[in-house]
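Here is a model to check, term by term. Each reply sets a value against its cut-off.

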There are 2 protein chains.
Amino acid sequence: MERKRGTVRDLRRDNRSVLLWSLYFDQPMSRQDLSQATGLSPASVSNVTRELISEGVVVEAGSVDSDGGRPRVLLRMNPDYGYVIGVDVGETRIRVELFDLMMTVRAKADYPLNPHEHGAGKVVDGILAGLAAVLADGAVDSSAVLGVGIGVPGVVEQGSEALVHGQTYDWDAVPLESMLRAGGTELPLYIDNGAKTMGQAELWFGAGRGAQNAVIALIGSGVGASIITNGSTYRGSTSSAGEWGHTTVMVGGRTCRCGSSGCLEAYVGAEAILDRYGSLRGGPPLPGDDQESALAALISAAATSPPAAEVLDGTVRYLGAGIAGLINLFNPERIILGGWAGLLLGERSLPAIREAARQHSLRQPFAETSIELCRLGPDAVALGAATLPVERLLNGAATPAAAGTNRSASLTTG
Amino acid sequence: MERKRGTVRDLRRDNRSVLLWSLYFDQPMSRQDLSQATGLSPASVSNVTRELISEGVVVEAGSVDSDGGRPRVLLRMNPDYGYVIGVDVGETRIRVELFDLMMTVRAKADYPLNPHEHGAGKVVDGILAGLAAVLADGAVDSSAVLGVGIGVPGVVEQGSEALVHGQTYDWDAVPLESMLRAGGTELPLYIDNGAKTMGQAELWFGAGRGAQNAVIALIGSGVGASIITNGSTYRGSTSSAGEWGHTTVMVGGRTCRCGSSGCLEAYVGAEAILDRYGSLRGGPPLPGDDQESALAALISAAATSPPAAEVLDGTVRYLGAGIAGLINLFNPERIILGGWAGLLLGERSLPAIREAARQHSLRQPFAETSIELCRLGPDAVALGAATLPVERLLNGAATPAAAGTNRSASLTTG
DNA sequence: CGCCTTATTTCATGACGTGATTTAACTCAC
DNA sequence: GTGAGTTAAATCACGTCATGAAATAAGGCG
């Protein structure tokens, strides 16, 4: 998100953007509050506000207070100014959700995916079907949609057309964007890595609110992370930053599915945990075909089963070491542990994880970091993806399309 | 380095800053070149340029070219607009260097430090003496000094007055800034971690030039790093970001001087390498009281001595794993290996280090990353520290003091 | 020496943010 | 009720800025 500078018009756009961000996260606010929060003069707030209201992005929402003076008029975002869609391309299903501007869900659609059949074509079909379904279900015209955010597993190469490199899916440079275009959609698309979109969801609405520097650590079958620096997602030079799972925590250790050895993921990923438990017991895998119930079973077994406890203790230790590395390197205000396996582990062992992290990190940065659990659950990928077009709106993209059937159209100003 | 926005005057400052950065790193340039490089209109370049010339920051430096048209007038920074001082507080000495704006050395001074006597008082005395010495030696009046950058070991807490937490020195919240003030200096001070200043030196003038995302990995007696994100040094929430040395690469491994175990530093720091070699041989430490010659001796012994070769091979492997972690997490364009021990290792084994890093990192980000050696040598700490006040100047700090005896003072404009 | 070419400056214009000033919208005491 | 008091918001006049267009400067070339 570069900020072009130069002309005096860009300045206006910047100020407008600052004001929108402020309002978005602190609704409702009076013009006066906004002036304080943004540092802009009351006069400027008044001007920018008029513009925003006439565009329909912002609406007045009643007045409040008055101990003797003119009451403050409260301002809100207009949730119906436009809609956004979030797509979560998961291992077993595609989920599509329609939100209004304030991220209230308006419609949902799920498309199951055969775990062993991840052809890009299937995924594209699922997404397109989901888009049509939520638009119909929510009774929203596509012209009112600001954009569609899509969270996918794997690295997304942002170019003129986004390319997806999916390790898990065995995708190699899949041109998802142009495939969707070929499928007929004309909605603005924002494609990003699912861990990053989920991180952004936590950053905006979950345990990360207000953080400038944070790492959202995600543990599912595999291990990933979303890195927040200076208040926004860090992507690195080719958008693959945050691949935390393949950090070496044990040189010469267990072989990882990435081909290397000693990776963090080879110890704390759900698959690895179950595998370690299996080889310790020497028996067959735990009950339940899916990892989720198997891991839950392992965790509840730990109370009585020494081998299960041993595996989990080891997991906590490796995880703590991995988190400590993040603390030392990034010096974040917050580490947020998520992903379905991360939540299972965290619910049982957060204090132990904190202690392990303490042991492996430097005193000073550790003392400045809080380690918490995600608040939004594992379904936040779609939510986070849907924030991408909202982010663009807040950053001042020119009114996209005519967006908004629901505007109060009193443009008679002056 | 926040960029305050709001008024139209800030816009001017921003444009001025963009122009200065461009000119600083691409001297000399004509106004036309600048217009192209910055995206500003020729008219604006002309205006801003006039201002800069009248202030004395920029000077015209001859014209060039002319295949039929008016020749381009070349512009340069005025190296004598003001001076900056860089201080390197090392383990065995304090080094103070005086530079002009283009970082040409004008004077140097060294103050030896007893390795076992790192009292803050001694250090402050040394710095103050050094400042006086270089100013005298360089025949520069203190009013012409834009600022003093000081690179120290340990974490620097940037508050209203910088506090230094030095692990190595056993410093705990030493108020270095106010101590120097109490010592009588009135020069603007910029205190930062030495690894970060060295990283900035490489970023500006060394192997990091032009990189937007890079990590400068420093190996000396200990191990540190300087992280560059989006073109500038990343500091994290309390400026301790970049503590790479205590990343766990071997859970339950060697005890580290930080108190934890399995830290990268416990394997690839010079002290650790020598220690590992010592315990492998079972004999006394290598010849040479200082680590530097001992490590050099170990490296040259590796050609004939199997134990030495074994230790170094292990070191390469651990180092590669550590670097791989940086590649995965940060997805940088470049990893730059430095520090005196890093250079010794790198000169002998860079290809092996690259290979080890490849084995432990993901294919895609590894392919996008080049791994190189530092170009400026271990003395770049002072140089990098001295860039701090220059950075401030380029970012558009109001002309600090009256800076510059050497200005052409024709301020008669319109 | 005049014409051509290219770099730089000048000029008029339109936007913008802001402090000061007005106007708007209420409360409250009487 | 009604006027004084109080606070929020809008308006105004002003100064600053970047910019495209036009003018000017500075050289080459025939």
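**DNA contact and a covered strand**

Around DNA strand C lie 29 residues, the closest being Arg12(A), Ser44(A), Ser46(B), Gly68(B) and Arg72(B). The model is predicted, so local features need pLDDT of at least 70 and side-chain atom pairs 80 or more, while totals for chains, interfaces and linings use all residues. Residues count from 1 along each chain as written, chains are lettered from A and ligands numbered from 1 in written order, and side-chain values use heavy atoms without hydrogens or water.

Q: Why is the pair between Arg70(B) and a base oxygen of DNA strand C called a polar contact?
A: A backbone N or O atom of Arg70(B) lies 2.9 Å from that base oxygen. The cut-off for a pair of N or O atoms is 3.5 Å, so the pair qualifies. Arg70(A) has a backbone N or O atom 3.4 Å from a base nitrogen of DNA strand C.

Q: Why is strand 12 of chain A called mostly covered?
A: Six of its six residues, 214–219, are buried. Buried means under 20% relative accessible area (1.4 Å probe, protein chains only). Ala214(A), Ile216(A) and Leu218(A) are buried on one side, Val215(A), Ala217(A) and Ile219(A) on the other.

Q: How do you know that strand 12 and strand 15 of chain A pair?
A: DSSP must find at least two bridges between two strands. These two have five, in the parallel sense. Ile216(A) has Ile336(A) as its bridge partner.

Notes. A residue is near a molecule or strand if one of its heavy atoms lies within 4 Å of it. A polar contact is a pair of N or O atoms within 3.5 Å; within protein, one must be able to donate a hydrogen and the other to accept it, and residues adjacent in sequence count only if both atoms are side-chain atoms. Buried means under 20% relative accessible area, exposed over 50%, partly exposed in between (1.4 Å probe, protein chains only). Helices (H or I, at least four residues) and strands (E, at least two) are DSSP runs, numbered from the N terminus.
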